[in-house]
Amino acid sequence: LDAKGTIEWQRTVGGSVDDHLSVVYPDPDGNGYIAGGWSNSNISGEKSQNTKGGIDFWVVKISSDGTQIEWDRTFGGNSGSSHLTDITFFKGDYILGGYSNAGAGHDKTEASKGGFDYWVVNIDGTGNKQWDATIGGDQNDFLSNILTDENAGGYLLAGSSASDKSGDRTDGSRGGLDYWIVR
């Protein structure tokens with residue numbers, strides 16, 4: 001939309017099943033947008049890769065005028081569900097954050113520790129995976145946001161957790177879902 005609310009362009013992006021958009025940001029290179037969410041579509045529509053065994057992260061790089069899909073990538077584990085909730089940028093890379101209960105395999109190097117866990121995937125500027133990390137306790141842990149700390153060279157993960165002291169969770173539950181912040 002322009003400053004007066006008039007539609008300048010629009011674009012539908014999807015595959016043949018369900019595709020859920022969580023975030024879209026201007027690309028830091030100033031050339032387009034990066035959009036992310038999750039999908040259980042196989043190759044169809046604008047989706048160029050099959051699912052990895054369930055619901056997976058799906059990231060799409062869109063041109064600045066919305067006319068072209070520059071690339072798209074699907075990231076997931078062995079069965080289960082992986083839901084992308086946020087994207088941030090760090091030194092030319094995209095940092096994808098969300099939650100997953102998928103087993104190890106495909107793009108996921110570690111199985112979930114109990115229910116859903118935070119899952120972070122680092123990809124380069126063209127969508128190639130660099131590394132991933134699974135962080136969680138014995139119950140469901142849902143990552144909402146991921147921030148970069150360029151001065152310290154790391155990340156701040158924020159979400160909610162039902163886990164007690166277990167796995168990566170070093171502090172006990174306060175009851176139900178608690179805020180869980182990880183540096």
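A salt bridge is a side-chain nitrogen of Lys or Arg within 4 Å of a carboxyl oxygen of Asp or Glu. By that rule, the structure holds ten salt bridges. Keep in mind that this is a predicted model.

**View 1. Asp-27 and Lys-61 team up in a salt bridge.** The closest N and O atoms of Asp-27 and Lys-61 are 3.8 Å apart. This pair ties together distant parts of the chain: Asp-27 sits in the loop between β1 (19–26) and β2, Lys-61 belongs to strand β3, and 34 residues separate them. Are these two buried or exposed? Asp-27 counts as buried because its relative accessibility is 5%, and Lys-61 counts as buried too, at 2%.

**View 2. Lys-113 meets Asp-168.** Here the side chains join in a salt bridge, 2.4 Å from N to O. Lys-113 counts as partly exposed, at 28% relative accessibility, and so does Asp-168, at 33%.

**View 3. Asp-132 pairs with Lys-129.** Their side chains form a salt bridge of 3.0 Å, N to O. Asp-132 counts as buried at 12% relative accessibility, whereas Lys-129, at 29%, counts as partly exposed. Elsewhere, salt bridges with shared partners join Asp-27, Lys-61 and Glu-70 into one network.

View 4. You'll find Ser-63 between β3 (56–62) and β4 (69–75). The Ser-63 side chain makes a polar contact with the side chain of Asp-65, at 2.8 Å. Looking beyond residues up to four places away in sequence, Ser-63 touches Gly-32, Tyr-33, Gln-68 and Glu-70.

**View 5. Ser-173 sits in another loop, this one between β10 (154–161) and β11 (178–182).** At 27% relative accessibility, Ser-173 counts as partly exposed. Which backbone nitrogen lies 2.9 Å from a polar atom of the Ser-173 side chain? That nitrogen belongs to Gly-175. Setting aside residues up to four places away in sequence, Ser-173 touches Ala-162, Ser-163, Asp-164 and Asp-178. Trp-9, by contrast, is 47 Å away from Ser-173, C-alpha to C-alpha, and 164 residues away in sequence.

**View 6. Strand β6 (residues 93–100) is flanked by two pairing partners, β5 and β7.** Strand β5 (residues 82–90) runs antiparallel to β6, and eight bridges join them; Ser-82 has Ser-100 as its bridge partner. The two strands form a hairpin with two residues between them, and Lys-91 in that turn has a positive phi of about 50 degrees. β6 also pairs with strand β7 (residues 117–123) in the antiparallel sense, over seven bridges, with Tyr-94 opposite Ile-123. Why is β6 described as largely enclosed by the rest of the structure? Because seven of its eight residues are buried.

**View 7. Leu-147, Leu-156 and Ile-181 make a nonpolar patch on the surface.** Together, these residues have about 270 Å² of accessible area. Ile-181 is part of strand β11, and it is exposed, with a relative accessible area of 56%.

Technical notes:
Residues are numbered from 1 along each chain as its sequence is written. This is a predicted model: local features need pLDDT of at least 70, side-chain atom pairs count only at pLDDT 80 or more; totals for chains, interfaces and linings use all residues. Side-chain values use heavy atoms; hydrogens and water are left out. Helices (H or I, at least four residues) and strands (E, at least two) are DSSP runs, numbered from the N terminus. A polar contact is a pair of N or O atoms within 3.5 Å; within protein, one must be able to donate a hydrogen and the other to accept it, and residues adjacent in sequence count only if both atoms are side-chain atoms. Contact means heavy atoms within 4.5 Å. Buried means under 20% relative accessible area, exposed over 50%, partly exposed in between (1.4 Å probe, protein chains only). Patches are made of residues with over 30% relative accessible area and no salt bridge: like charges are joined within 9 Å, nonpolar side chains (Val, Leu, Ile, Met, Phe, Trp, Tyr) within 5 Å. Accessible areas come from the Shrake-Rupley method with a 1.4 Å probe; for residues, only the protein chains shown count as cover. Two strands pair if DSSP finds at least two bridges between them.
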